[in-house]
Amino acid sequence: MGYRLGVDVGGTFTDLLLFDTETGAFWRHKTPSTPHDSSEGILNGVTAICGKAGIAASQIDFFLHGTTVATNAVLEGKGARVGLVTTEGFRDVMQIARSFVPGGLAGWIIWPKPQPLAALEDTVTVKGRMSAEGEEVRPLDEADVRAQLGVLKGNGVEAVTVSLINAYANGAHEARIGQIAAEALPGVPVSLSHEVLPEMQEYERTLTTVANAAVRPVVGRYVANLRNRLAGEGMVGKLSLLRSDGGLMSAQKAEEHPVNILMSGPAGGVTGAIWVGRNAGIRNILTLDVGGTSTDVALIENLEPRRQRTTEVGHLSVRASALDVKTVGAGGGSIAYVPELTRALRVGPQSAGAVPGPVAYGKGGTAPTVTDANVVLGYLPENLLGGTFQLDREGAKAAVQTVADALGIDLMAAARGIIDIVNENMFGALRMISVQQGYDPRDFALMGFGGAGPLHVNAVARLMGSWPAVSPVSPGVLCALGDATTRMRTETARSFSRLATETVPEELIAVLDEMAAQTRAELIADGVPEAEIASEFEVDVRYAGQAFEVPLTITPDVLRADGIAGILARFDEEHKRLFTFNMDTPHEIVNLRAVALGRALDLPAAELPAGTGDPSAARIRDHEVWMEGRLMPAVIYDRAKLLAGDVIPGPAIVCEMDSTTLIESGCVGTVDRVGNILIDLA
Amino acid sequence: MPATIVQTNAVPFARVEIDPVTLDIIENALRNARIEMDATLVRTAMSPGIREQGDAFPLIADPAGKMIVGQFGSFIDGFLQNWDGTLEDGDMIFLSDPYSVGGAISHSNDWLVLLPVFKDGRLIAYTSMFGHQSDIGGKVVGSMPINAHSIFEEGVRIPPVKIWKKGEYNEDLVRLVMHQTRKPDWCAADLNALIASCRVAARRVIEIATRFGDDVYYSATQELLARNHRAMKTLLGQAVSEEPVSFEDYICDDGMGYGPYRIRCTMWREGDRVVLDFAGTDPQSAASINFYLNENMFKMFFGIYMIMVFDPQILFNDGFYDLIDVRIPEGSLLKPRFPAALSGRTHALGRIFDILGGLLGQKTPEFLNAAGFSSSPHLFYAGNDTRPGKGNQWFQLFQIGFGGIPGRPLGDGPDGHSLWPGFTNVPNEFLERYFPMRIERYETAPDSGGAGLHRGGNGIHMTYRFLSAGTISIHDDRWFVPPWGVNGGHPGARARKVLEKADGTSTIVGNKVEEVAVEAGDQLHFITWGGGGWGDPLDRDPALVGKEIVQRLVTAEGARAYGVVADSTGVVDPAATEALRAKLRDGRGALPLFDFGPGIVALRAACEAETGLPAPIQPEWPHVLAAQEAAE
């Protein structure tokens with residue numbers, strides 16, 4: 001085995017992590033992102049990191065990449081011009097959407113009217129109709145189809161999506177339109193809704209298919225460009241992209257089904273956390289990925305992340321599996337303010353972003369931010385990024401003072417107030433994925449990463465009761481680490497919609513076998529050796545009539561042994577845990593899912609040499625922080641010099657190239673054998 | 001006699017100093033608890049009205065019953081004043097009778113549960129939630145007979161009772177209630193869901209109090225109320241003048257041939273207090289369109305509209321209630337006397353928001369939106385499924401539709417979207433799968449949004465094809481009195497309903513009808529109103545009007561309301577447009593602040609010709625006239 005390179009392109013930095021699969025040794029590098037053409041920044045990084053490791057780019061076997069290219073195409077409306085063909089009478093399916101207006105009563109007054117992802121002028125309807133039972137009610141009028149496709153051709157659409165009513169029950173009309181479109185608009189890619197998402201609910205199916213079509217050319221161009229540039233550097237390794245659900249897919253497959261990489265970015269951190277957890281012996285983890293403008297949180301139980309059936313991008317909810325990552329508008333750049341009317345202290349969601357950024361960065365920012373509060377309190381010492389970057393503490397103080405004055409409290413209390421509020425916002429997001437899902441956060445460790453995660457992880461762990469608080473090795477490039485260490489994955493879903501009483505295990509097993517064969521074939525086609533593929537299954541159950549299903553993992557063997565009753569007993573238990581009650585209502589088996597996975601890589605982490613437990617060799621200097629309402633002495637350490645087993649009493653600050661870990665008073669950090677800092681109550 | 005609260009720990013909560021940060025943290029924690037209530041409900045409820053459309057409302061209150069988080073305001077204080085019994089740990093109240101709670105819920109379809117939350121022997125909070133049940137028995141399917149003359153015709157009425165008593169579940173009570181409905185399965189699941197939501201919130205309150213201390217938690221809730229009071233006091237002083245302003249609007253009819261019914265509200269400020277007086281509102285109806293408006297609920301609506309603009313992050317609560325004085329005449333449409341029928345209250349409830357907008361907008365342009373929050377269109381369809389293989393199985397559908405959102409200072413109103421908080425439409429494929437119907441059309445109605453610089457949102461033209469014989473009922477409004485435009489914007493188009501038989505003949509159906517028989521193959525065109533326009537339509541960019549012709553949101557004919565001359569492909573004739581605009585400008589006077597259309601008299605005269613329906617007859621209230629004469 002050789003080298004795996006994980007690359008995560010963020011808004012400000014491109015992070016790289018090169019992993020030696022033999023030794024577990026790794027090298028990391030951060031380089032400015034190049035938004036006009038990301039491959040430029042990536043290549044800069046590849047050259048630099050190969051130099052650090054002393055290898056040639058040709059020695060890299062796998063290039064594994066998390067990217068927000070698809071996300072941004074949707075958010076910024078820069079996807080392809082998509083023509084939509086739908087059933088007569090449903091022209092406005094995307095315009096009306098689900099009629100939902102956010103913001104509660106009177107929220108409509110301030111809600112901007114959204115533009116549909118497929119423009120109305122590029123939406124045509126055709127005659128022909130299927131019933132909900134999948135029977136043809138009216139035949140497809142092919143002359144009409146050709147005429148309508150002609151309209152789209154005249155409009156110059158770059159992609160065509162066909163989404164007809166009840167196509168989930170019978171896709172024959174869609175398939176025929178697909179054939180005609182291939183003749184009428186040669187070279188224009190066509191997506192059919194019954195292929196992309198064979199599920200009921202016309203808006204969600206149409207949106208998902210349109211989103212797929214809209215980002216396809218963008219992702220295609222991106223991948224082709226990247227592939228060429230990498231080849232130019234002599235890279236011959238396999239290129240794979242990170243899916244929203246935390247698995248990998250080949251770049252070719254991602255080009256066809258880009259809807260699966262819409263949330264590729266945040267998924268990297270979660271898969272990175274799993275790798276860290278496996279090596280640290282921690283199996284239940286809440287993740288806290290704190291960036292400049294927002295924080296992503298996710299839940300990992302027994303080293304498996306929670307997944308959901310939808311991917312949320314902006315105001316759109318696309319039906320594709322994704323890790324259940326919740327985002328709150330709370331990050332280092334979040335702005336603190338005091339509205340005149342209520343005199344309450346608010347932090348975010350407005351952010352100073354990268355430009356102008358926090359006051360302390362000295363790039364022209366004037367509004368007090370979370371980072372400024374951290375600087376004022378002494379949590380962020382004045383040298384960042386290995387000392388190349390000086391923070392403006394006096395500027396930060398002046399900005400936070402404006403908040404203090406508005407609240408009528410002193411500077412330090414105001415700064416700590418800002419930190420407490422932002423921590424509380426993160427806590428709120430963590431509750432949504434833990435307590436609200438029936439999990440007790442005290443059974444989980446909390447792992448903080450991203451630029452500012454390790455600064456907040458100790459305080460948030462205290463709120464949650466989630467110990468230890470973990471500052472993983474290289475928290476600043478954990479997403480790239482996740483890209484490098486996860487495995488291939490694909491999945492398929494099918495509607496079953498049958499009462500449990502009318503179902504026998506053999507039927508279910510037959511369908512599951514068929515789905516397993518389909519997903520395994522996909523991975524084989526992607527170059528995964530058959531012997532390495534593992535299959536997993538899930539079944540969604542609910543009380544008949546409910547809208548919400550509980551997913552349960554099963555295997556054909558368990559199904560044979562315990563029968564349908566075994567599934568239902570587990571459902572009742574889970575329902576009670578989530579919602580506090582059970583019902584006598586019959587159970588419905590709603591959906592079946594099969595997942596095929598490539599081999600789980602047993603990638604070890606490199607061990608640190610053992611120390612004596614005394615960290616003083618890593619001490620940089622003495623320092624002061626404001627904590628528990630007073631100034632107290634603290635020590636700053638250099639993370640690179642810490643050894644396994646070192647015990648660091650709080651308050652203390654641990655610095656490294658791209659991140660800073662804060663250990664609070666009353667807590668103690670222990671360096672584990674692979675370099676993670678585990679913080680517990682003293 | 002007021003309620004007796006049984007506490008095993010009589011020590012009162014102490015008011016302690018709260019630092020602003022702790023206060024904000026508790027505020028956020030309560031906000032999260034409320035979001036959790038919604039999530040729990042939607043996931044476990046079964047009736048499409050709640051699980052697909054979200055017709056349910058939560059709240060968390062302090063021990064005195066004041067709402068700390070929620071959106072429809074608290075009725076608890078009124079309930080406590082009238083509850084002649086005890087409340088203790090392990091109790092839970094269940095009710096649905098509007099007359100027992102001063103109209104805090106406004107028709108019997110809304111089932112409400114109230115959970116007093118005790119911690120260490122002391123009452124520390126209430127959690128409560130109500131949700132619309134799809135059927136509670138009574139004379140018609142869906143239990144909202146527009147032609148009811150008393151509440152006794154509108155299904156089961158549940159006075160406040162203990163569904164849980166000191167930890168013991170009253171199963172007999174629930175069996176008795178469930179026996180009254182046509183859909184006991186939906187009702188049982190939805191009731192469970194309401195209870196689960198309240199319990200989840202109660203658990204959160206106890207966790208918060210444990211984390212910060214009971215006294216800190218309690219003091220924080222009081223401070224949140226006080227903060228809201230201070231904020232509203234400032235806002236009212238700025239935004240409401242001492243000089244009275246009035247606004248009035250109409251409910252088109254009562255479904256029995258009479259209408260329109262006037263709702264009038266006058267607002268003025270006296271020192272710190274704002275008076276909202278509904279004097280001039282018509283007396284109650286003999287049918288079911290009465291809306292028993294709870295004063296506190298109206299204060300909440302008013303406050304939300306005020307605060308939305310100034311600090312949308314603020315948590316709405318009951319703190320400002322003593323700054324508002326709401327006066328509603330007894331025996332009026334908004335405070336009918338028992339046992340007046342109430343089930344069709346949705347039209348007046350919606351209209352209240354239009355009135356609020358018009359009232360506030362007269363003096364504060366940032367509030368001035370056009371009309372469109374006008375009703376909540378309902379369709380009921382029920383019968384036995386006669387299709388082969390369906391076993392003649394009973395089905396019943398209750399579906400809420402949407403009109404167009406009004407033109408706003410911010411921009412155009414969204415087409416076919418919901419003004420009701422949290423509501424969504426039902427997927428058409430879901431309807432076709434579970435009901436004997438096919439949806440032939442689900443599109444916006446072109447030109448239905450009122451013309452304006454900012455166009456009103458279009459209403460929806462939905463065509464149902466019924467696949468089994470059955471009966472339908474329709475409740476809608478804004479078919480006679482149009483949704484008004486503002487600042488020069490035109491009114492939106494009115495609602496229409498057309499029944500098309502298999503042989504191609506069509507009949508106009510009323511907008512409030514009960515139990516109309518339909519045959520398999522019949523099509524119902526259910527067309528909702530459009531939102532009113534905002535600003536001068538002659539100022540709208542002609543290119544945008546041309547684009548909306550291509551998008552079929554506006555027709556070439558409709559474009560003339562904007563002074564735009566274009567063909568049916570959206571190609572604009574600039575010279576002709578300029579000429580038409582000049583001509584229209586010359587021919588009109590100063591732009592009115594409100595454009596109500598031609599007025600009631602003219603609407604009445606043209607009604608039959610324009611709508612295909614007879615004009616509603618002016619209702620008369622002999623007893624009111626007699627009283628007036630006696631007074632003179």
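Guide: Let us begin with one residue. Leaving aside neighbours within four places in sequence, Val219(A) is in contact with Val69(A), Ala70(A), Ala254(A), Glu255(A) and Pro258(A). The model is a predicted one, in which local features need pLDDT of at least 70, side-chain atom pairs count only at pLDDT 80 or more, and totals for chains, interfaces and linings use all residues. Residues are numbered from 1 along each chain as its sequence is written, while chains are lettered from A and ligands numbered from 1 in the order in which they are written.

Visitor: What makes two residues count as being in contact?

Guide: Their C-beta atoms, placed from the backbone, must lie within 7 Å.

Visitor: Where is Val219(A) found, and why is Val219(A) called buried or exposed?

Guide: Val219(A) is found in helix H7 of chain A; helices (H or I, at least four residues) and strands (E, at least two) are DSSP runs, numbered from the N terminus. A residue is buried if 20 or more other C-beta atoms lie within 10 Å of its own, exposed if 12 or fewer, and partly exposed in between, with C-beta atoms placed from the backbone. Val219(A) has 26 other C-beta atoms within 10 Å and is therefore buried. Its C-alpha is 9.0 Å from that of Glu256(A), at a separation of 37 residues in sequence.

Visitor: How do you know whether Thr287(A) is buried or exposed?

Guide: Thr287(A), in strand E13 (residues 285-290) of chain A, has 35 other C-beta atoms within 10 Å, so it is buried. Beyond four places in sequence, its contacts include Gly269(A), Val297(A) and Met447(A). Ala143(A), 144 residues away in sequence, is 55 Å from Thr287(A), C-alpha to C-alpha.

Visitor: What makes Ile35(B) partly exposed?

Guide: Ile35(B) has 16 C-beta neighbours inside 10 Å, and therefore counts as partly exposed. This residue lies in helix H1 of chain B.

Visitor: Why is helix H1 of chain B described as largely enclosed?

Guide: Of the 25 residues of H1(B), 18 are buried, so the helix is largely enclosed by the rest of the structure. Helix H1 covers residues 20-44 and reaches 37 Å from its first C-alpha to its last, close to the expected 36 Å; that expectation is 1.5 Å times one less than the number of residues.

Visitor: What makes a set of residues a nonpolar core?

Guide: Such a core is a set of buried Ala, Val, Leu, Ile, Met, Phe, Trp, Tyr and Cys residues joined through C-beta atoms within 7 Å. The largest has 362 residues, of which Ala214(A), Ile418(A), Leu446(A) and Val113(B) touch the most other members. Helix H5 (residues 184-212) of chain B gives the largest share of this core, 15 residues. A second, separate core of 13 residues includes Ala451(B) and Leu538(B).

Visitor: How many residues bring chains A and B into contact?

Guide: In chain A, 52 residues are in contact with 67 residues of chain B. H12(A) gives the largest share of the chain A side, 7 residues.

Visitor: How confident is the predictor in chain B?

Guide: On pLDDT, the predictor's confidence in each residue from 0 to 100, chain B has a mean of 91, and 96% of its residues reach 70 or more. The model scores ipTM 0.91 and pTM 0.87.
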